[in-house]
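Please examine the sequence and the structure before reading on.

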Amino acid sequence: MTVRAAVMRGPGQVEVAEFPRPALRPGEVLLRVLLSGVCGTDKHTWRGETKQYAGTAHERDLAYPLICGHENVGVVEEVGRVGALASDGRPLVPGDRVVPGANVACGRCHFCLAGAPYYFCEHLEDYGNSLGCAEPPHLFGGFAEHMVLLPGTPIFRVPEEVPDEVAVLTEPMSVTHGLDTARALLPGLGGAAFGESVAIVGAGPLGLCHLAKARLTGCGKLIAIDRLPSRLAFAEELGATLTLNAAETELEERIARVREHTGGLGADVVVDCSGVPETFPECLRLVRFGGIVVEAGAFVDLGAVPVNPAADICARNVCVLGVGGETARSYAPVLELMARNLSTLPLDRIVSHRFGLTAAAEALEVAQTNAAVKVAIDPTLE
């Protein structure tokens, strides 16, 4: 039996290939993929922007070929002979619908032993990124009919009421843990209680997930800034009280509009989800005195931008919080949060497009246009 997968051979090059169905090693799990979200990271890889984790012990340039896809929901089809446990401590069995964690930590380095978020790991491996497909068992990304989950992968059962198109958002929703940290930090910084105003710069899928999280956790004023009208329109459906098109406004106008919307102060929390470094200085100007900037979108190293630490950070007592990815402990609470709010927000409509494996190149292109909100690969489609 063979398994079909969309293989990225190089920048702008993807083709469907067949691989042998793997014989599982102890502790491995074979997942039948239901949906795999196209992440901003996949778009970077498609464009040849491949330097990840810059400045860390696991800084790397991705190597082609690889099977992208680390935002996955699927069904357990087979479990290796030693077995594997879900996050709730119960053994996984065929038929379980699950979301796997995007990363595999070593469990042995300083940060793993200290209980740090798993993306701190000095020997981290990432599905659809560092785990390529050149060597067996090949199937380490979700743009495939099946994928192999390695021992030590955090695996989470999906509540029965959560549809696939919502479950596939679990990984990007788990990246929103920066908002939880901001909630804890703001009172200590002498600021107002969290929940008054949050601005999202970059209303793509990650930004929309941050916006939904802020709405569901009690934020009153929600500001969304993007260059694509479709994303701003959906931000309004999720509860944005102010939307600004960056393609039609100047920086000073956006700063003035945000301050006007927040009583002359600026946003309590500004989350940068644009994926490009040029928006970071803008975020520092949008945030209020004593506020917090969460940088959640700069996963790929695209270069430096000028920042004045005296005027932009210190004089205004601004806290900058860097987020390097989702935390494993965020998955289960996020699944529960989404399950409780299926009727509150149109989470099931964030995935706007589905493409089969043979249309993976089209999926990656459409994901970067005004036509789409969130794009997913559905291996069952032709």
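The crossing of α5 and α6 is right-handed, a term used when the near helix is turned clockwise from the far one by less than a right angle, anticlockwise being left-handed. The model is predicted; local features need pLDDT of at least 70, side-chain atom pairs count only at pLDDT 80 or more, and totals for chains, interfaces and linings use all residues. Residues are numbered from 1 along each chain as its sequence is written, and side-chain values use heavy atoms, with hydrogens and water left out.

**Helix packing**

Two packed helices are described by the angle between their axes and the distance between the axes. Axes are lines fitted to C-alpha atoms, for helices over the stretch in contact, and angles run from 0 to 180 degrees between N-to-C directions. Helices (H or I, at least four residues) and strands (E, at least two) are DSSP runs, numbered from the N terminus.

The axes of α5 (residues 177–185) and α6 cross at roughly 40 degrees and come within 9 Å. That angle makes α5 oblique to α6, since angles under 35 degrees count as roughly parallel, over 145 as roughly antiparallel, 65 to 115 as roughly perpendicular and the rest as oblique. His177, Leu179 and Asp180 of α5 make the contact with His210, Lys213 and Ala214 of α6, where contact means heavy atoms within 4.5 Å. These residues divide into two nonpolar, two polar and two charged; Ala, Val, Leu, Ile, Met, Phe, Trp, Tyr, Cys and Pro count as nonpolar, Asp, Glu, Lys and Arg as charged, and the others, Gly among them, as polar.

Helix α6 (residues 205–216) also packs with α7 (residues 229–237), at an angle of about 15 degrees and with the axes 10 Å apart. The angle makes α6 roughly parallel to α7, and their crossing is right-handed. Here Pro205, Leu208 and Leu211 in α6 meet Arg231, Phe234 and Ala235 in α7. This contact has five nonpolar, no polar and one charged residues.

**Loops**

| Residues joined | Omega | Loop holding the second residue |
|---|---|---|
| Tyr64 and Pro65 | about 0 degrees | Pro65: between β5 (60–61) and β6 (71–79) |
| Pro136 and Pro137 | about 5 degrees | Pro137: between β9 (125–126) and β10 (146–149) |

The loop between β9 and β10 also holds His138. Although His138 is not a glycine, its phi is positive, at about 70 degrees.
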